[in-house]
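Trainee: I would like to learn how to read side-chain contacts in a model. Could we go through one together?

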Amino acid sequence: MDRWDRAGRAAGYGAALALTPYLLIKVSWVAGSLLGLLPVGAGFGKAEWVVLNSATIGMAGIGIVVALALVRPWGMRIPAAPLTFCAWVATGFLVPVLPYAVLSSLLGSAQGDPHSGRQAGPSMPAWEAALVQIGFVGMGLGLAVALPAYLRRRWPQAFAGRLGDGGKGSLGVPWTAVIGAAVGLIWLYWALGGTAGVAHRPERDLTWHLLSGVFGFWALVASAATWAAVRGRPAHMPRWAPIVLGWLGSGSLFAWSGWKLPFTLYVAIAQPADAVLPEELALAAVLHLAAVGAGAAMLRTLVRTRPVPGTPVAAA
């Protein structure tokens, strides 16, 4: 076992450990709301609150299992498709928002669980909010190290060589990259203060601007990486670079918009009085749907982009 594998093993265990308090907190929220011991979040009835947090319990449990699979021997025997899909979604959720976690902590805007919208306050002590934040950051950092180490062990040739090793690449237009870039530019426009497509301007807070900027940035990264992988340019670029960046960016598009789309539809249909989104709901739903489709298509493109068999591969 070399130094990189040892680091990946430590990171995987650390990620699982960091997310465990978050899992226990969510279990306490569900149990407490069912027993009438804890209030539900703003904008939710008891049933919606229980369903939402039960979903995050399942997601956290899957995340812990994935983190352990990346470092345990049985993880090498798991079928590749379900494991890579879960790892892709998990890294898409957590790794791209690490800059937001740092910025929000520095600026004092970290107010609870971004998955549920629950805010820190009397019903959520500061220590609990800190554990939630530590869980997200720890899991994201752990996956950022453990996942590449796992991929290196299981598919050592997947990222070898440079983009130009397979020839000139495709001359067609990768439309998934175009769609992803369009979505990302709209999010960046909102992050920078644009108001077109915004229905409730007072609802835009610092967190909304930061997250819009983060998601817009990663949408553009995913689009650029997919474009480079499909076109095989620049030819001297190591193959692993667009694959890694495309993996993170496409995962962010798919995971976060896949999470926000049902919530957006819920607000549009149920119209709860105490849950208002800044964006025009129809536009937000279209953007999230486009992001989910583009993210999934980008991953499919990146997985299928590889050197032509028999082509000499330059050293990376």
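Trainee: Is F85 buried or exposed, or something in between?
Mentor: Start with the scale. Buried means under 20% relative accessible area, exposed means over 50%, and partly exposed lies in between (1.4 Å probe, protein chains only). F85 has a relative accessible area of 40%, so F85 is partly exposed. Keep the source in mind: this is a predicted model, where local features need pLDDT of at least 70, side-chain atom pairs count only at pLDDT 80 or more, and totals for chains, interfaces and linings use all residues. Residues are numbered from 1 along each chain as its sequence is written, and side-chain values use heavy atoms, with hydrogens and water left out.

Trainee: How many aromatic pairs does the structure hold?
Mentor: First, the rule. Rings of Phe, Tyr and Trp (its six-membered ring) pair if their centres lie within 6.5 Å; planes under 30 degrees apart are stacked, over 60 edge-to-face, and the rest tilted. The structure holds 11 such pairs. One of them joins F85 and F254: the centres are 5.9 Å apart and the planes meet at 80°, so this pair is edge-to-face.

Trainee: Which helices does the pair of F85 and F254 link?
Mentor: Helices are DSSP runs (H or I, at least four residues), numbered from the N terminus. F85 sits in helix 3 (residues 80–94) and F254 in helix 8 (residues 240–270).
Mentor: Now take F217 and W218. Their ring centres lie 5.5 Å apart with planes at 80°, so this pair is edge-to-face. F217 is partly exposed at 46% relative accessibility, while W218 is buried at 11%.

Trainee: Which residues do ring pairs link into a cluster?
Mentor: F93, W187, F215 and W256.

Trainee: How many salt bridges does a search of the whole structure find?
Mentor: The test is a distance: a side-chain nitrogen of Lys or Arg within 4 Å of a carboxyl oxygen of Asp or Glu. The search finds 2. D5 and R152 meet at 3.8 Å, N to O. D5 lies in helix 1 (residues 3–34) and R152 in helix 5 (residues 126–154), so the bridge ties together parts 147 residues apart in sequence.
Mentor: R153 also bridges to D5, with the closest N and O atoms 3.6 Å apart. That pair again links helix 5 to helix 1, across 148 residues. Together, D5, R152 and R153 form a network of salt bridges.

Trainee: Where do these three fall on the accessibility scale?
Mentor: D5 is buried at 13%. R152 is partly exposed at 39%, and R153 is partly exposed at 30%.

Terms used: Helix = DSSP H or I, 4+ residues; strand = E, 2+ residues; numbered from the N terminus.
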